[in-house]
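Thanks, everyone. Today I want to talk about pockets. Here is the model.

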Amino acid sequence: MTQSLPAIEIAEFRTLMSHFPTGVAVVTTTGEDDSPRGMTVSSVCSVTLSPPTLLVCLRNGSPTLDAVVARGAFAVNFLHGDAKPVAELFASGAPDRFDLVPWLVPPSGGGPHLVRDAHAVVDCRVSRTEAVGDHTVVFGEAFQVAQEHGHLPLLYGMREYRVWRAEQG
C-alpha cells in the first residue's frame, strides 16, 4: 500500500528552486490570427539529442500555451545578458509587449524571434504535451537553430537576474 507523504508549502518550494540558477528564455508562437504570443520562462531543459528535443513548462490557461498547442510549433528565445528588461516585460503579461521589442518570424520559423534580445533561438515542433499541476510540459523537437555569437546568457537565481561571466584568469 502506498504511504501518503506530507506536502511542502508552495513558498518553501519556491525558495528552494530560487537557489537553483537557470537560463532565461522567452517562448513565442503565433495565434490563429497570426498575432504574436509569448512569455518568459526559466523552465527549459534538454531532453534528448536524437531526436533533438527540449521541454518548456507553460502556465495553464495562458494565451501562449493555447497558441503553442493550436499551432503545433514555437520558438525558444534564449536571452542574453542585456535583455533583463525584455525578460521582465514578457513576464509581466503586458498586452503591448511585442510592440516594444524588435522581432520577426522567419518563413520556416516556429514563432517570433526576438532579434535584438536573444543570443540563440531554437524553433520547435510540438511532439507531446503533459499537464502537471498548474503548468503544461511542452516537448518540442528542434528543427532550426539561429545563434548570435559574442553575447553572454542571462541567468535567474535567488530572485535576481545575473549575467554569466567568463572567469578571469
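First, terms. On a 1 Å grid over the protein atoms alone, a pocket is an open set of points where a 1.4 Å probe fits, with protein on both sides within 12 Å along at least five of seven lines, and lining residues have an atom within 4 Å of a point. Points join across faces, edges and corners, and a volume is the space filled by probe spheres set on them.

This is a predicted model: local features need pLDDT of at least 70 and side-chain atom pairs pLDDT 80 or more, while totals for chains, interfaces and linings use all residues. Numbering runs from 1 along each chain as its sequence is written, and side-chain values use heavy atoms, without hydrogens or water.

Now, the largest pocket. Its space is about 1,300 Å³. It has 35 lining residues, and Arg14, Val41, Ser42, Ser43 and His135 lie closest to its centre. Which element gives the most to that lining? α1, with 5 residues. Elements supplying at least two residues each include α1 (10-18), β3 (36-41) and β8 (135-147). Helices here are DSSP runs of H or I, at least four residues; strands are E, at least two; both are numbered from the N terminus.

The lining splits into 15 nonpolar, 14 polar and 6 charged. Nonpolar means Ala, Val, Leu, Ile, Met, Phe, Trp, Tyr, Cys and Pro; charged means Asp, Glu, Lys and Arg; the others, Gly among them, are polar.

On to the second largest pocket. Its space is about 160 Å³. β4 gives the most to this lining, with 5 residues. Phe78, Val122 and Ala142 are among the lining residues.
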